[in-house]
Amino acid sequence: MTSLRYFINTKPDFDEQYGAPEVSDVQLKNSSEELIVKIQNYVKPVERNGGDGVYLGTAGIAYMFYHLSKIPILSENRSDYLNKALEYLKPALVVATYSTGNNRKDSPSFILGNSGIYAVAAAVYKAVGDDRESNRYRQVYYEAAQICKEPKFLNCGSDELFVGRAGYILGALWISKETRTPLQKQDIYELCKIMIQSGREYASRHYSPCPLMYAYYQVEYLGAAHGLCSVLQALLSVPGYLDVNPSDASDIKRTIDYLLSLQTNEGNFPAAMDEIGHRSELIHWCHGAPGVVYLMAKAFLIYKEDKYLQSCKLMADLIWEKGLLKKGPGLCHGVAGNGYVFLLLYRLTKGDNKYLYRALRFYEFMESEEFKSNSRMPDHPYSLYEGLAGTVCFLADLRYPLKGVFPFSDVF
């Protein structure tokens, strides 16, 4: 018998008779500060820690400090957080500058490479009032669009989230929002067209059961990290694109509905097309319901069809039952990443206290001796996506839950 991937959730679920869940702000504050001290002690802002983009490197820690600087309840520390963000950003920028000449086709990579670093730089410099540097990094980011326009600029697959066009598009939307500057619509619309064409061609060539399909390293992934749902989320998120491209809009919706048809009775999704019909045990942001939920939430907001909201609620119920992952506290495949689903549902349902309650219980479990003693240490225990930097973002958002957002995945 295989051991469970998750801790048994022994907490009672939310009961309306007890009213709104209480947020122990002092406890959240103390937990966050303790984790921040650990991160600063173990990861120094030096070049050897600056690689691997926002996923693992110092740019991800810079994002964490930038995120903290925007939380209203933490406003008295805003200047300190932004200074720390700059401190951790600079070695990543140095590494990005070195690597640009080695393989220009890596430069559009948002989660794992240079573009994510430039996006964080544009936002941080804007926040500290240095418009010149902010504009410079925005421009560097926008220049990478030309590389993305090459239909197969990456041999492994050019459309997914971590290194491909989906990540680049979501990053461009994030920059526009954070720096309050216009979206480079012409480039982004062109990239959407290329992604649609790429998906149609692949689906036709491989006799896919839906209009759009993609592969990454020859695997037809469906989850957020490398798969179909992030591609669709990126396409849905571009303002105005669906309205002026009705044929593309039709194929996007038909593909979303196909993906929705794969949801199991308990709420999960297969990690890839070759796993359809097999029991899916992966309940991670990267593979499974905790990542697909952002697509279905976006679909609900756009199409206003209840089936997408019900899909999200079913995923949240699954995560409540099986989402206390043994892999650690992080975002990509950890408890904080799954806890963010409840903050998403809290916003999506306009304040249903059940979801805030569940998010707080996941935080409390991470504070338990059971979790601290028996969960795995991630390979990069202090990073944004695998480790404590992402956990800090989650704890901060618990203190201001109606604006809580998984990094770079705000569907509202």
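Here are some questions and answers about the predicted model shown above.

Me: Let's start with Arg347: is this residue buried or exposed?
Reply: Happy to begin there. Arg347 belongs to helix α15, which covers residues 335-348. Its relative accessibility is 13%, and buried means under 20%. Therefore Arg347 counts as buried.

Me: Which residues does Arg347 contact, leaving aside its neighbours within four places in sequence?
Reply: Good one to follow along in the structure. With those neighbours left aside, the partners of Arg347 include Asp410 and Phe412.

Me: Is Ser134 buried or exposed, and what does Ser134 contact?
Reply: Ser134 sits in helix α6, residues 131-143. Its relative accessible area is 1%, so Ser134 is buried. Leaving aside neighbours within four places in sequence, its contacts are Ala122, Tyr125, Lys126 and Thr179.

Me: And Thr97: buried or exposed?
Reply: Look for Thr97 in helix α4, residues 78-100. Thr97 has a relative accessible area of 54%, and the cut-off for exposed is over 50%. Therefore Thr97 is exposed.

Me: How does Ile302 count by relative accessibility?
Reply: Ile302 lies in helix α13, residues 289-303. Not counting residues up to four places away in sequence, Ile302 touches Leu236 and Leu242. Its relative accessibility is 31%, and values between the buried limit of 20% and the exposed limit of 50% fall in the middle class. Ile302 therefore counts as partly exposed.

Me: How many Å apart in space are Ile302 and Glu370?
Reply: In sequence, Ile302 and Glu370 are 68 residues apart. From C-alpha to C-alpha, their separation in space is 41 Å.

Me: At what angle do α12 and α13 pack, and which class does that give?
Reply: Two packed helices are described by the angle between their axes and the distance between the axes. Helix α12 (residues 246-261) and α13 have axes 11 Å apart, at an angle of about 130°. Their crossing is left-handed. The two helices are therefore oblique to each other.

Me: Which residues meet where α12 and α13 touch, and how many are charged?
Reply: From α12 come Ala249, Ile252, Lys253, Ile256, Leu259 and Leu260, and they meet Val292, Leu295, Met296, Ala299 and Tyr303 of α13. By class, this contact has 10 nonpolar residues, no polar residues and, for charged ones, one.

Me: What about α16 and α18: how do they pack?
Reply: Helix α16 (residues 353-366) and helix α18 (residues 388-398) have axes 11 Å apart and an angle of about 135°. That makes α16 oblique to α18. The handedness of their crossing is left-handed.

Me: Which residues does α18 bring to its contact with α16, and how many polar residues does the contact have?
Reply: On the α16 side are Ala359, Leu360, Tyr363 and Met366, and on the α18 side are Thr391, Phe394, Leu395 and Leu398. By class, the contact has seven nonpolar residues, no charged ones and, for polar, one.

Me: Which residues of the largest nonpolar core touch the most other members?
Reply: In soluble globular proteins, nonpolar side chains tend to be buried together. Here the largest nonpolar core has 156 residues. Those touching the most other members are Met64, Ile252, Ile256, Trp285, Met296, Tyr385 and Phe394.

Terms used. Residues numbered from 1 in each chain as written. Predicted model: local features only at pLDDT ≥ 70, side-chain atom pairs only at ≥ 80, totals over all residues. Heavy atoms only, no water. Helix = DSSP H or I, 4+ residues; strand = E, 2+ residues; numbered from the N terminus. Buried < 20%, exposed > 50% of the residue type's maximum accessible area, 1.4 Å probe, protein only. Contact = heavy atoms within 4.5 Å. Core = buried A, V, L, I, M, F, W, Y, C linked by side-chain atoms within 4.5 Å. Axes fitted to C-alpha atoms, helices over the stretch in contact; angles between N-to-C directions. Parallel < 35°, antiparallel > 145°, perpendicular 65-115°, else oblique. Left-handed = near helix turned anticlockwise from the far one by under 90°. Nonpolar A, V, L, I, M, F, W, Y, C, P; charged D, E, K, R; others polar.
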